[in-house]
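The following note concerns how the two chains meet. Please read it with the model at hand.

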There are 2 protein chains.
Amino acid sequence: MVLKRWLVGPPLKTAQAAHQRLSKRLALAVFASDPLSSVAYATEEILLVLIPASLAFAHFSIPISVVIVLLLAMLTRSYSQIIFEYPGGGGAYIVSKANLGEWPGLTAAASLMIDYVMTVAVSVAAGIAAITSAIPPLFPYRTVLGVCAIVLVLLVNLRGVRESGKVFAVPTYMFIGSMLLMLAVGTFQLLFGQLTPVVFQSVATQTAVESVSVFLLLRAFSSGCTALTGVEVLSNGVTAFRPPAPKNAVITMVMMAFILGILFLGISTMAYHLGVLPKDDETVVSQVARAIFGEGVLYYLLQGSTMLILVLAANSAFAGFPRLASMLARDGYMPHQMEHLGDRLVFSNGIIILGVFSCLLIVVFDGDTHALIPLYAVGVFLSFTLAQVGMVRRWLSERGPHWRKKIFINGVGAVATGIATAIIASTKFMHGAWIVIILIPILIMLFRGIHMHYKEVADETALDRRGSRPPKPRRSLVIIPFSEMNLAVVRALDFARSRPGEIRGVLVDVDPRTTAGLEMQWAQWGCGVNLVVLPSPYRSIVSSLLEYVEEILDKEPDTWVTVVIPEILPAHWWQNLLHNQRALLLKASLLFKDRVILTDVPFHLTR
Amino acid sequence: MVLKRWLVGPPLKTAQAAHQRLSKRLALAVFASDPLSSVAYATEEILLVLIPASLAFAHFSIPISVVIVLLLAMLTRSYSQIIFEYPGGGGAYIVSKANLGEWPGLTAAASLMIDYVMTVAVSVAAGIAAITSAIPPLFPYRTVLGVCAIVLVLLVNLRGVRESGKVFAVPTYMFIGSMLLMLAVGTFQLLFGQLTPVVFQSVATQTAVESVSVFLLLRAFSSGCTALTGVEVLSNGVTAFRPPAPKNAVITMVMMAFILGILFLGISTMAYHLGVLPKDDETVVSQVARAIFGEGVLYYLLQGSTMLILVLAANSAFAGFPRLASMLARDGYMPHQMEHLGDRLVFSNGIIILGVFSCLLIVVFDGDTHALIPLYAVGVFLSFTLAQVGMVRRWLSERGPHWRKKIFINGVGAVATGIATAIIASTKFMHGAWIVIILIPILIMLFRGIHMHYKEVADETALDRRGSRPPKPRRSLVIIPFSEMNLAVVRALDFARSRPGEIRGVLVDVDPRTTAGLEMQWAQWGCGVNLVVLPSPYRSIVSSLLEYVEEILDKEPDTWVTVVIPEILPAHWWQNLLHNQRALLLKASLLFKDRVILTDVPFHLTR
């Protein structure tokens with residue numbers, strides 16, 4: 001408990017929740033880190049598809065990046081309508097469930113959940129790649145470093161979202177600043193011819209004799225779509241904004257989209273003009289920065305802030321995932337305990353689950369960004385599509401003011417993201433997207449299973465509407481089994497005697513001499529309570545007691561049997577090995593008997 | 001439970017215990033398997049010390065074997081006095097504790113315990129070696145085979161000792177028979193010159209130019225002493241004999257010693273005359289048998305029965321170890337649950353512990369007999385010595401009839417085994433005996449620690465001799481926390497109302513709307529029981545309840561607070577993940593409060 005308090009801080013009152021909300025400046029830092037950070041790997045992923053086919057295809061990265069930025073613009077416009085319509089947050093899950101029904105809603109929820117876990121894993125892997133690019137000796141330790149980074153973010157998040165905002169503001173703005181500076185310096189150098197390409201067998205000199213396949217371009221586009229992951233995080237987190245929350249959220253989203261577009265296009269252009277090729281042990285961004293800044297302070301600043309924003313991008317998932325889990329829990333699709341705010345006003349259970357699964361991914365995929373990427377975009381785009389389709393359906397049935405315009409905007413978004421989803425699922429299927437396509441129905445089945453179980457339990461425990469009580473036992477009999485006469489037994493006896501009613505001490509006769517001694521002690525200490533001595537032909541104390549209890553239950557169908565067990569509670573946990581083994585066995589065998597109630601009366605040892 | 005019954009059979013009554021006792025014929029099979037089986041490896045262990053030094057030293061194996069057989073005769077004579085004096089069994093532990101005091105007693109107990117575990121591990125390893133000698137392709141699987149063999153013996157023993165006797169009679173007598181047959185045939189062939197040595201660079205032709213060191217001979221002697229392990233098993237198991245138990249036990253022991261002496265000397269002689277050298281993948285006994293019998297049915301019969309008697313030798317340890325553990329538990333040196341007979345009249349806990357530790361040894365030492373041997377004899381001979389010294393002390397203080405003669409017999413035994421212990425400990429120290437020499441004090445500390453704990457607990461819970469009760473609370477208050485109104489809560493309420501006294505329903509106000517609804521439902525279903533609504537500034541239901549309980553405890557020092565928790569018990573274990581998380585948390589935080597008694601009222605779901 002003390003450790004927990006030191007790690008996560010003192011508990012906060014519900015009334016403090018409003019103060020925990022974010023200004024636009026802080027919100028940009030918290031929520032934009034996810035989408036912005038993807039510029040660190042999106043260009044590289046495009047090149048990784050194009051270059052192995054032919055060096056001459058590198059120039060296709062520019063038009064592909066432009067298409068992706070157009071898609072970003074459409075998405076931003078589409079999502080701003082969602083934010084205004086759903087200020088309560090929830091994004092794709094809420095929108096599809098409300099407008100399309102349970103199954104599409106759960107599909108969106110499953111996609112989003114996978115998406116959040118992938119965001120943490122991919123961001124942390126890419127962040128560690130940024131560091132190992134700058135400091136190559138760290139390369140072999142990337143998996144361990146990744147896990148440590150996740151644990152760090154997890155702890156920060158368990159402390160609560162406001163403090164997270166503070167922690168993340170500096171690196172996010174540092175990243176944006178140093179990136180813009182790099183692009184500005186790079187453009188200046190390009191214009192005045194001071195920049196020498198990294199690769200000398202210049203891409204420009206090769207003639208494009210090979211013809212490019214459509215499939216290859218679509219695959220490159222799919223890889224580049226990872227730049228758009230995280231755009232929806234804002235729509236899930238509207239409630240974290242200061243009022244007027246929807247307006248502030250939309251402004252923040254537009255700002256974010258604008259910065260994202262500039263950085264992504266800029267890096268793609270620079271990488272092309274510098275003739276940068278993807279390498280195993282150095283990221284494309286690192287190569288570009290090294291060419292522009294040289295190996296100076298600015299280079300390390302950029303790499304450092306890239307690492308920070310990536311590791312912290314994981315944070316947006318830590319803000320979104322528990323909120324989604326809590327919503328699912330409230331609707332009965334996840335265990336109830338996910339629903340509640342922890343004592344630091346955060347959804348602690350969800351945070352911990354997210355941390356565990358993303359660590360697992362990092363370990364399984366050995367901290368390799370490129371191996372993780374194919375699993376990433378499918379879920380994201382599926383949830384985009386479902387949300388937009390849901391909105392179209394909504395405007396259609398509502399037909400409020402400007403409904404045609406609204407349908408057009410979300411319709412364009414739905415078609416564009418739908419096509420992108422199909423492209424990503426088909427071109428990335430063999431590279432890992434199949435895992436996600438299998439996982440989504442499994443998660444949906446899990447949600448459904450949990451839902452059905454809770455519904456059945458509610459049915460089974462429901463009170464009769466007419467107010468009639470089920471037939472119930474009325475009498476009560478307390479029995480105290482013991483095999484030794486000591487203060488623990490006397491204490492149990494005292495407890496039993498604190499309410500009027502029948503009490504019996506029960507002793508199993510294993511050894512006649514011991515039994516005689518105990519009978520004498522009971523006469524002295526038993527306060528006149530009746531003593532029953534049970535024969536034990538099989539030497540098993542537990543089975544003799546069990547038989548006795550079953551006999552009472554048979555004979556007296558109207559009686560509760562309360563078994564009061566005197567239990568010695570040692571001062572140190574390991575001492576439990578030396579005590580209460582029989583009590584444990586007795587409790588295990590009585591647990592499933594109807595009308596039997598088990599009560600431990602602990603006797604606390606002090607030494 | 002059904003599985004358990006099928007594996008170990010139906011429970012037996014205490015009165016059936018007498019019928020579970022063994023005739024001499026069966027007892028020889030059960031107890032002699034341990035000492036007799038050691039002839040399978042003892043000769044080989046002697047040769048393994050002598051041969052690597054020089055082939056010419058092989059002939060020393062004969063005099064060393066003779067010395068060991070003399071030691072056997074002394075031990076048998078010594079132990080027969082112990083059996084008559086201590087018909088209750090217990091051997092070294094009982095004898096040294098009664099005559100020398102607690103520390104020597106615990107030393108003997110620790111040595112015996114290690115000895116039992118080693119017996120299982122060494123016997124099984126050697127048994128598997130007998131099989132892999134006959135069927136070489138099995139050699140790589142020896143560790144797995146060893147573990148399987150131990151599990152088999154463990155199950156047989158959990159069924160009870162009488163059936164064990166039956167299972168073991170056939171292989172033991174088959175082993176004795178085929179060994180004697182082999183020695184007879186071998187002697188005949190030797191006398192009539194039909195036997196060709198296995199090794200052609202005959203040992204006899206080499207001149208003994210190297211001088212042998214005393215240390216080498218002592219090391220060879222130490223290795224050979226493994227032939228005597230198990231002789232004491234009989235003295236621990238006197239109670240398993242049919243009356244007159246001591247007489248029958250002594251007769252059985254003398255028979256066993258006689259057979260052991262013949263077999264051991266016979267194999268040593270044969271091995272020498274055949275010029276057999278120890279090999280990695282074939283045992284010495286297998287080489288001797290192959291030379292005498294050829295590769296026929298008799299050879300496989302001998303190897304098979306050797307394997308069986310070795311694996312079954314482990315059984316004597318399974319009979320002895322739990323008995324010793326039970327005696328230690330009765331004296332408070334082991335956890336109390338070790339004391340009791342299981343429902344098949346065997347000490348199930350001890351049997352399982354022995355199985356686990358010996359499997360561990362097999363796995364750690366990779367099923368290699370030679371690696372295990374140096375750990376074996378130290379403990380055995382230490383307990384021999386302590387028992388003999390204890391007997392000398394006993395005769396000295398008693399001075400009964402023939403006390404001088406009795407002192408002489410046990411005195412000779414004590415001196416001989418004492419010297420042997422010193423030799424073994426010093427010559428084998430570096431090869432593994434140090435592990436045992438470290439383990440013995442650790443075990444003693446463990447015994448003492450457990451003893452002290454039980455003593456402290458007994459002091460702390462002891463009843464006052466003058467019969468005055470400690471001051472005790474007299475009032476009783478039942479509280480029923482709930483957060484939902486359903487049949488489980490109604491059931492808890494019914495239970496609480498089955499005894500007169502104050503009851504309060506307790507509700508934590510997390511959400512005002514829900515609270516209002518629950519208050520209305522309570523009014524309808526609460527049977528007029530008072531309802532307390534607690535504020536919850538920190539949204540933590542558990543901490544609000546905790547505060548409330550603490551307040552009552554403070555205000556009313558004379559009151560027991562019974563917390564009745566309505567708990568939903570699902571039909572399937574995994575459904576527990578979806579329920580009662582909060583109840584668990586509540587119980588954990590209330591467990592260590594004095595005067596708070598926790599009572600679960602389970603509501604059993606059927607679907």
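1. Across the interface of chain A and chain B, 13 residue pairs are in polar contact, both residues at pLDDT 80 or more; the term denotes a pair of N or O atoms within 3.5 Å, of which, within protein, one must be able to donate a hydrogen and the other to accept it, and residues adjacent in sequence count only if both atoms are side-chain atoms. By class, the side of chain A that touches chain B has 37 nonpolar, 22 polar and 23 charged residues, with Gly counted as polar and Asp, Glu, Lys and Arg as charged.

2. The model is predicted: local features need pLDDT of at least 70, side-chain atom pairs count only at pLDDT 80 or more, and totals for chains, interfaces and linings use all residues. Residues are numbered from 1 along each chain as its sequence is written, chains are lettered from A in the order in which they are written, and side-chain values use heavy atoms, without hydrogens and water.

3. Two salt bridges cross the interface of chain A and chain B, each a side-chain nitrogen of Lys or Arg within 4 Å of a carboxyl oxygen of Asp or Glu. One salt bridge joins the side chains of A:Arg491 and B:Asp594, at 2.7 Å from N to O.

4. In chain A, 82 residues are in contact (heavy atoms within 4.5 Å) with 83 residues of chain B. Of the interface residues of chain A, 100% are also interface residues in chain B, so the copies meet through the same surface.
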